[in-house]
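Q: Please take a close look at one helix-helix contact in this model. I would like its geometry, its residues and its surroundings.

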Amino acid sequence: MLRSIVEAFKVKELRNKILFTLAILALYRLGSFIPVPGIPFKAFADAYSEAGGAAMTMIDVFSGGALSNFSVFALGIMPYITASIIMQLMQSVIPAVGRWAREGETGRKKITQTTRWLTLGLGLINAVGYLLLFQSDRYGLTFTTEMPYWLTSVLVVFTLVAGTAFIMWMGELITQRGVGNGMSLIIFTSIISRVPSAIFSSGTSTDDAGMNIAVTLLILAVIVACIPAIIFMERAQRRIPVSYAKRVQGRKMMGGQSTYIPLKVNAAGVIPIIFASCLIYFPAQIAALFNVGWLDAFANAISSGWLNWILTFGLIIFFAYFYTSMVFNPQELSDNLQKQGGFVPGIRPGTATVNYIKNVINHVTLPGAMYIGAVAVVPSILFAFTNNYLIQAFGGTSILIMIGVALDTMSKVESQLKMYNYDGFFK
């Protein structure tokens with residue numbers, strides 16, 4: 001990995017892409033500390049730390065601390081992720097949206113544009129909700145008296161929605177002109193930015209400094225030991241053997257070779273975790289909008305404790321199957337094999353091959369889904385018993401997202417590096 005990074009910096013075009021990506025991420029982190037105009041920063045920070053709440057804490061993790069600062073990026077990437085989930089579900093429910101997904105580049109542009117508008121709509125709802133929540137008795141936020149109340153309210157809502165649009169624009173810029181997936185890298189940056197403060201909190205959680213240091217080092221050692229196992233599972237594959245029949249083309253004998261179809265054990269990556277987290281913490285965003293006692297209690301109930309663990313595990317398995325079914329189309333895969341003269345040894349072409357591929361995908365997806373579900377839930381259970389914030393910051397969800405995004409980004413860097421090397425060879 002380090003060698004790939006060093007080699008990447010030797011190629012000017014790739015080096016510029018990496019530096020551009022780092023610059024955009026640095027700009028994102030800077031915006032997380034710029035407070036919304038008209039907000040008393042210190043008074044709000046004190047009120048936020050006193051009010052707390054498990055749901056708000058997890059939303060703050062995904063915003064990289066921007067929510068607790070009530071910064072211009074307080075809404076974070078969550079409106080865009082929620083909009084993406086809705087668009088993914090609509091592809092299976094609404095035929096017109098499903099046709100867009102099959103229209104190639106034109107359809108993808110329509111889906112992207114609809115996702116953008118939906119993100120702005122959700123951002124507006126969240127902005128109004130946070131404004132009402134932070135002005136309630138729970139937080140007691142008071143605006144500056146230098147401007148009329150209505151004007152300050154409009155300014156706050158407009159700033160938050162503009163911040164969401166800016167984050168979305170930065171993520172798309174990284175995807176188009178940088179390295180890796182922009183939205184994933186923004187989530188990665190938000191999560192990893194909370195790690196230093198979590199280590200400090202773990203080291204000063206009690207009066208016994210020696211015990212604090214020992215527990216912190218033990219947790220870090222366990223995390224480091226789990227990383228290779230997680231990487232192994234992320235790279236694990238189930239290979240379906242494929243053979244090609246021999247055929248004569250002109251004077252040459254074509255085909256006859258054998259290959260395989262690689263099916264990853266965790267084909268969905270971190271998408272099920274991100275989708276599940278967004279759905280579980282969506283009630284917290286609704287509670288922020290209406291500021292109703294029972295709704296806020298429900299949001300906190302499903303944001304921690306045994307109910308949260310069951311929901312998280314179940315939703316992760318559901319989204320793992322859902323996303324895998326969208327990525328892999330057994331019918332299309334079977335048709336392509338048949339057109340190219342390929343077949344699975346021992347399986348008849350056509351319907352039998354489709355059913356065989358479906359069964360393999362279902363059998364492979366289940367252990368992969370249970371694996372990421374367990375990695376996401378077990379650290380939350382440990383945190384409930386230990387109350388150590390390092391476990392929360394380095395929880396299973398955070399680790400899987402960080403490792404998944406890091407592996408995906410490095411694979412894209414390596415693929416681009418190979419492309420530039422081949423260009424140089426041909427030149």
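A: The protein chain has 19 helices and five strands; these are DSSP runs numbered from the N terminus, helices being H or I with at least four residues and strands E with at least two. This is a predicted model, in which local features need pLDDT of at least 70 and side-chain atom pairs count only at pLDDT 80 or more, while totals for chains, interfaces and linings use all residues. Residues are numbered from 1 along each chain as its sequence is written, and side-chain values use heavy atoms, leaving out hydrogens and water.

Some context comes before the contact. Of the 427 residues in the protein chain, 44% are buried (under 20% relative accessible area, 1.4 Å probe, protein chains only; exposed is over 50%, partly exposed in between). Take the contacts (heavy atoms within 4.5 Å) between residues at least 6 apart in sequence: 73% of them join residues at least 24 apart.

Now the helix pair. Helix H16 spans residues 330-339, and helix H17 spans residues 351-386. They pack at an angle of about 130°, and their axes lie 9 Å apart. Axes are lines fitted to C-alpha atoms over the stretch in contact, with angles from 0 to 180 degrees between N-to-C directions. H16 and H17 are therefore oblique to each other (under 35 degrees is roughly parallel, over 145 roughly antiparallel, 65 to 115 roughly perpendicular, the rest oblique). Their crossing is right-handed: the near helix is turned clockwise from the far one by less than a right angle.

Next, the residues. H16 supplies Pro330, Gln331, Leu333 and Ser334. H17 meets them with Thr353, Val354, Ile357, Lys358 and Ile361. The contact divides into five nonpolar residues, three polar and one charged. Here Ala, Val, Leu, Ile, Met, Phe, Trp, Tyr, Cys and Pro count as nonpolar, Asp, Glu, Lys and Arg as charged, and the others, Gly among them, as polar.

Strand S1 (residues 237-244) runs antiparallel to S5, joined by two bridges. In S5, Gly342 stands opposite Tyr244.

Note on methods: Pairing = 2+ DSSP bridges.
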